[in-house]
Amino acid sequence: MTTNADRIAAALRPLAPDNRLMPNEVPVINSLGELWEARAGSGVLVPAVAAGKYKLGKASMDRLANVRREIALTAMLAITLTVQDFVVLQTLRSVDEQRKAVASGNSRTMKSKHLPDETGKARAADLAAWENGAISWEFGRYADIAFAMDQAATQLGYAGNIRWGCAWDRVLSDFGGNRQAYLNEAEAYAKRHAGSDLIDGPHFEWVA
Ligand SMILES: [Zn+2]
């Protein structure tokens with residue numbers, strides 16, 4: 001039987017050196033898998049504040065196989081914590097796809113972290129809010145996702161290395177621990193850097 005832990009491990013293995021998972025990742029993967037199994041089997045609706053009701057689908061998991069493992073693992077943990085469902089919209093882009101993204105205004109740079117790094121993986125993932133079977137661009141939903149990514153990254157020890165596309169001069173560990181902090185930060189950033197940068201709610205990237 002394929003467990004959720006197996007599925008998570010299968011998504012992460014291609015990202016790992018020599019296709020081997022890091023010893024310190026195995027307990028996290030196992031507990032994530034158990035969490036997903038327990039929630040799937042219980043049939044109990046988890047209170048909204050406790051969340052835990054969402055899962056990433058196959059397309060999202062496939063996309064996470066093409067991004068740096070720290071971002072992949074953070075998104076996988078975040079989906080178990082978030083009050084706002086999300087999908088992984090995009091991770092890796094080819095140079096051609098990046099040119100198109102710039103041409104259409106979805107990106108402002110040809111130095112994007114969606115382009116492959118030296119290992120062939122992206123260093124950024126775009127997470128889109130999922131509501132009633134479709135993507136929602138309502139901004140407040142992206143603050144909920146950013147909060148879940150912060151909670152997950154903090155648990156994994158990555159919060160000092162992940163940046164949200166609504167505050168390009170901050171990392172997740174700079175934020176306060178609630179949804180409002182993200183809304184405030186996005187607004188403050190827009191004032192700090194008026195007009196120059198793209199405010200990119202779905203975007204999370206690894207900062208080395
Ligand atoms: Zn992006």
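Student: In which sense does α1 pass α4, left-handed or right-handed?
Tutor: The crossing of α1 and α4 is right-handed. Keep in mind that this model is predicted.

Student: What makes α1 roughly antiparallel to α4?
Tutor: Look at the angle. The axes of helix α1 (residues 4–12) and helix α4 (residues 69–81) cross at roughly 155°. Angles over 145 degrees count as roughly antiparallel. Therefore α1 is roughly antiparallel to α4. On the α1 side, Ile-8, Ala-11 and Leu-12 make the contact. On the α4 side it is Arg-69, Ala-72, Leu-73 and Met-76.

Student: And how close do those two axes come?
Tutor: They come within 10 Å. Packed helix pairs are described by two things, the angle between the axes and the distance between them.

Student: Why are α4 and α6 called oblique to each other?
Tutor: Their axes cross at roughly 120°. Roughly parallel needs an angle under 35 degrees, roughly antiparallel one over 145, and roughly perpendicular one from 65 to 115. The rest count as oblique, and therefore α4 and α6 are oblique. Their crossing is right-handed. Leu-73, Thr-74, Leu-77, Ala-78 and Leu-81 form the α4 side of the contact. The α6 side includes Ala-148, Met-149, Gln-151 and Ala-152.

Student: What makes the length of α6 close to the expected one?
Tutor: Helix α6 (residues 139–156) has 18 residues. At 1.5 Å a residue, 26 Å is expected. From first C-alpha to last, α6 reaches 26 Å.

Student: Which residues of α6 are buried?
Tutor: Among them are Arg-141, Tyr-142, Ala-143, Ile-145, Ala-146 and Phe-147. Ala-148, Met-149 and Asp-150 are also on the list.

Student: What follows just after α6?
Tutor: Gly-157 does, with a positive phi of about 85°.

Student: How do α6 and α7 meet?
Tutor: Their axes come within 8 Å and cross at roughly 115°. This crossing is right-handed. Gly-140, Ala-143, Asp-144, Ala-146 and Phe-147 of α6 touch Arg-179, Tyr-182 and Leu-183 of α7.

Student: Why is Asn-184 called partly exposed?
Tutor: Count its neighbours. Asn-184 has 14 other C-beta atoms within 10 Å. Buried needs 20 or more, and exposed needs 12 or fewer. The count of 14 lies in between, so Asn-184 is partly exposed. Asn-184 sits in helix α7 (residues 179–192).

Student: How far is Asn-184 from Ala-143, in sequence and in space?
Tutor: They are 41 residues apart in sequence. In space, C-alpha to C-alpha, the distance is 9.4 Å.

Student: Now the strands. What makes β2 mostly covered?
Tutor: Strand β2 (residues 124–131) has 8 residues, and 6 of them are buried.

Student: How do you know that β2 pairs with β1?
Tutor: Count the bridges. Pairing needs at least two. Strand β1 (residues 86–90) and β2 are joined by 4, so they pair, and they run antiparallel. Val-87 has Ala-128 as its bridge partner in β2.

Student: How many bridges link β2 to β3?
Tutor: There are 3, again in the antiparallel sense. Trp-130 stands opposite Ile-135 in β3. In the hairpin of β2 and β3, 2 residues lie between the strands. There Asn-132 takes a positive phi near 50°.

Student: Which strands does β5 pair with?
Tutor: One is β2, antiparallel over 3 bridges. Asp-126 stands opposite His-203, and Ala-124 has Glu-205 as its partner. Another is strand β4 (residues 162–164), also antiparallel over 3 bridges. Arg-163 is bridged to Glu-205 there.

Student: What makes both faces of β5 covered?
Tutor: Start with a rule: in a regular strand, side chains alternate between the two faces of the sheet. His-203 and Glu-205 lie on one side, and both are buried. Phe-204 and Trp-206 lie on the other, and they are buried too.

Student: And the whole protein: how many helices and strands are there?
Tutor: There are 7 helices and 5 strands. Of the 208 residues, 36% count as buried.

Terms used:
Residues numbered from 1 in each chain as written. Predicted model: local features only at pLDDT ≥ 70, side-chain atom pairs only at ≥ 80, totals over all residues. Expected span 1.5 Å × (residues − 1). Axes fitted to C-alpha atoms, helices over the stretch in contact; angles between N-to-C directions. Left-handed = near helix turned anticlockwise from the far one by under 90°. Contact = placed C-beta atoms within 7 Å.
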